Amino acid sequence: MLNQEFDDYSQLDSEKKTFYINMSIKAGIFCGILAVFFAILVVFSLLGRKSWRVGLGNEIERVFEETSYSEYSVGEYVKLNSIMSVNCAVYRALPFTKKDSDAYAVIVRTPTLFGPVAAVYVYETKRPDATFIGFAQINERLEGSVKNASLNSQVRYWAGKIPEIIATKKEGN
């Protein structure tokens, strides 16, 4: 009788082991699929980074052309060592007239009443604030409203914040 109970327990343990092995295999497959999915996302975001930077530089150039701003053109991308690099991109501003200039072209995602809008600034290191140039990719019907609602508060805020952002640029750029 004792042998029979022992056989029942060993059979029960065997069934539990099989169940846990099967669950472990299923969980491992699921985790593997998730890992592959996230790896693909990371690879595509890293591959798209260069085209994203080129596109932002082109947007700054377009705003310069639309506003007839002819003092600077857009140069190379400047890496930031700041959390603000999520909301803005900084480029060297190449002067047309001066030989030596330490200026930057900045495009910043600015919150407005109509949603986030990309604002373009130029910052010269000898000045205390950045100079607002214009908005990028804005609907023509809303352009006047966005400018009127944003010029006093958001544009002034970012004009004062940009020197702090550029101060966090990575050395070597």
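R127 is partly exposed, at 44% relative accessibility, where buried means under 20% relative accessible area, exposed means over 50% and partly exposed lies in between, with a 1.4 Å probe and protein chains only. R127 forms a salt bridge with E124, and the closest N and O atoms of that pair are 3.4 Å apart. The term salt bridge stands here for a side-chain nitrogen of Lys or Arg within 4 Å of a carboxyl oxygen of Asp or Glu. E124, at 8% relative accessibility, counts as buried.

Salt bridges that share partners also join E59, R62 and E66 into one network. The model is a predicted one, in which local features need pLDDT of at least 70 and side-chain atom pairs count only at pLDDT 80 or more, while totals for chains, interfaces and linings use all residues. Residues are numbered from 1 along each chain as its sequence is written, and side-chain values use heavy atoms, with hydrogens and water left out.

A search of the whole structure gives five salt bridges. Helices (H or I, at least four residues) and strands (E, at least two) are DSSP runs numbered from the N terminus. R62 also forms a salt bridge with E66, where the closest N and O atoms are 2.2 Å apart. R62 and E66 are both in helix 1 as well, four residues apart, again about one turn of the helix.

E59 counts as buried at 18% relative accessibility, R62 as partly exposed at 24%, and E66 as exposed at 52%. Leaving aside residues up to four places away in sequence, E59 touches I107, A136 and Q137, a contact being heavy atoms within 4.5 Å.

S68 is found in the loop between helix 1 and strand 1 (72–78). Most residues other than glycine have a negative phi. The phi of S68 is near 55°, a positive value in a residue other than glycine. At 62% relative accessibility, S68 counts as exposed.

The aromatic residues come next. Rings of Phe, Tyr and Trp (its six-membered ring) pair if their centres lie within 6.5 Å; planes under 30 degrees apart count as stacked, over 60 as edge-to-face and the rest as tilted. By this rule there are eight aromatic pairs. The rings of Y69 and Y72 have centres 6.5 Å apart and planes at 25°, so this pair is stacked. Y69 is buried at 18% relative accessibility, and Y72 is buried at 2%.

Y121 and F132 make an edge-to-face pair, with 5.5 Å from centre to centre and 65° between the planes. Y121 belongs to strand 4 (residues 115–124) and F132 to strand 5 (residues 131–136), so the pair ties together parts that are 11 residues apart in sequence. Y121 is buried, with a relative accessible area of 0%, whereas F132 is partly exposed, with 22%.

The remaining feature is the largest pocket, which has a volume of about 470 Å³. On a 1 Å grid over the protein atoms alone, a cavity is a set of points where a 1.4 Å probe fits but cannot get out, whereas a pocket is an open set with protein on both sides within 12 Å along at least five of seven lines; lining residues have an atom within 4 Å of a point. Grid points are joined across faces, edges and corners, and the volume is the space filled by probe spheres set on the points.

The lining of the largest pocket is made up of 19 residues, of which W52, L56, S85, V86 and C88 lie nearest its centre. At least two lining residues come from each of helix 1, strand 2 (88–95), strand 3 (103–112) and strand 4. Helix 1 gives the most to this lining, with four residues. By residue class, the lining of the largest pocket divides into 12 nonpolar, two polar and five charged; Ala, Val, Leu, Ile, Met, Phe, Trp, Tyr, Cys and Pro count as nonpolar, Asp, Glu, Lys and Arg as charged, and the others, Gly among them, as polar.
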